[in-house]
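Notebook open, model loaded. I want to go through the charged pairs and then the core.

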Amino acid sequence: MKAMGTVPATGSARGFGRVVRRRSSFTAIFVCAVLLFQVACESLTPLDTKPLDNAGIGYSAIKELKRQHITAAEIGEIVKVRQSGLSDADCVTLLQIFHGRSETFTAGDAIASLHQSGMSEGTVLALAGMDQVGLGYGELQAMHLAGLSDAIVLEVARHHAAGTPALSGASLGTLRNLRMDNGTLLELVRRGIPDSEAAEIIAARRHGSTDAEILRHFSAS
């Protein structure tokens with residue numbers, strides 16, 4: 001009698017399990033449908049390019065930025081760049097540079113700051129092309145403000161990008177204050193003189209060594 005009494009219970013359990021599985025499947029399908037609907041709505045939402053227009057960017061440039069698949073977040077970054085004085089063409093080029101590396105353009109503040117410090121458009125674009133407008137851009141900006149030429153800034157950036165030795169911005173600024181010519185400093189950077197030798201160069205300069213004497217003594221590493 002006990003064995004016969006277990007049959008309905010087993011059948012009920014199986015039926016209950018089927019109901020639970022159906023409900024779980026329905027819930028999963030419903031969640032997926034909601035997510036797909038949200039994605040579809042977002043893709044159909046028109047991109048608000050009014051901030052670009054307000055920043056003075058022309059219609060053709062805005063059209064090109066949209067062709068480059070600019071995002072809502074990137075619009076704000078491009079606005080910073082344009083308001084710093086860079087041209088429409090520069091804005092398009094910057095977006096192309098970052099997207100060419102499969103990166104989101106997030107360097108609006110850095111690029112605006114570099115350009116507003118007096119760095120030329122060409123130099124700023126070159127730094128972006130070398131991926132040198134990230135966390136370390138402050139050193140490059142300080143070098144420019146210290147009176148070092150854009151050529152020196154770019155050469156230091158090239159060494160940073162390549163991971164090769166170069167005199168630091170602080171060392172170059174000190175040598176510039178000791179009236180060393182920009183051409184001499186540029187050559188020292190090109191030679192890949194490591195910053196570990198900066199103290200010796202500074203000491204030699206303070207003891208009266210000329211630019212030519214320093215260049216003869218400190219050859220390429």
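Predicted model: local features only at pLDDT ≥ 70, side-chain atom pairs only at ≥ 80, totals over all residues.

Is Lys-80 buried, partly exposed or exposed? I looked it up: Lys-80 has 28% relative accessibility, so I put it down as partly exposed.

Entry 1: I checked what Lys-80 pairs with, and found a salt bridge to Glu-77, with 3.2 Å between the closest N and O atoms. Both sit in helix H4 (residues 72-83), and because they are three residues apart, about one helical turn separates them. Glu-77 came out at a relative accessible area of 14%, so I logged it as buried; the cut-off for that is under 20%.

Entry 2: Where do Arg-101 and Asp-131 lie? I traced Arg-101 to the loop between H5 and helix H6 (108-116), and Asp-131 to the loop between helix H7 (121-129) and helix H8 (137-145). The pair therefore ties together parts that are 30 residues apart in sequence. I have Arg-101 as partly exposed at 25% relative accessibility. Asp-131 is also partly exposed, at 41%.

**Entry 3: the pair in H9.** I looked at Glu-155 and Arg-158, whose side chains meet in a salt bridge at 3.1 Å, N to O. They belong to helix H9 (residues 150-162) and are three residues apart, about one turn of the helix. I checked burial here too: Glu-155 is buried at a relative accessible area of 14%, whereas Arg-158 is partly exposed at 41% relative accessibility. For the tally, I have nine salt bridges in the structure.

**Entry 4: the core.** Then I went inside. In soluble globular proteins, nonpolar side chains tend to be buried together. Which residues have the most contacts inside the largest nonpolar core? I got Phe-105, Ile-111, Leu-127, Ile-152 and Leu-172, in a core of 50 residues. Helix H5 (residues 88-100) gives the most to this core, with six residues.

Leaving out residues up to four places away in sequence, I listed its contacts as Met-143, Leu-148, Ile-152, Val-156, Leu-167, Leu-185 and Val-189. One of them, Ile-152, is also among the residues with the most contacts inside the core.

Terms used
Residues numbered from 1 in each chain as written. Heavy atoms only, no water. Core = buried A, V, L, I, M, F, W, Y, C linked by side-chain atoms within 4.5 Å. Buried < 20%, exposed > 50% of the residue type's maximum accessible area, 1.4 Å probe, protein only. Helix = DSSP H or I, 4+ residues; strand = E, 2+ residues; numbered from the N terminus. Contact = heavy atoms within 4.5 Å. Salt bridge = Lys/Arg side-chain N within 4 Å of Asp/Glu carboxyl O.
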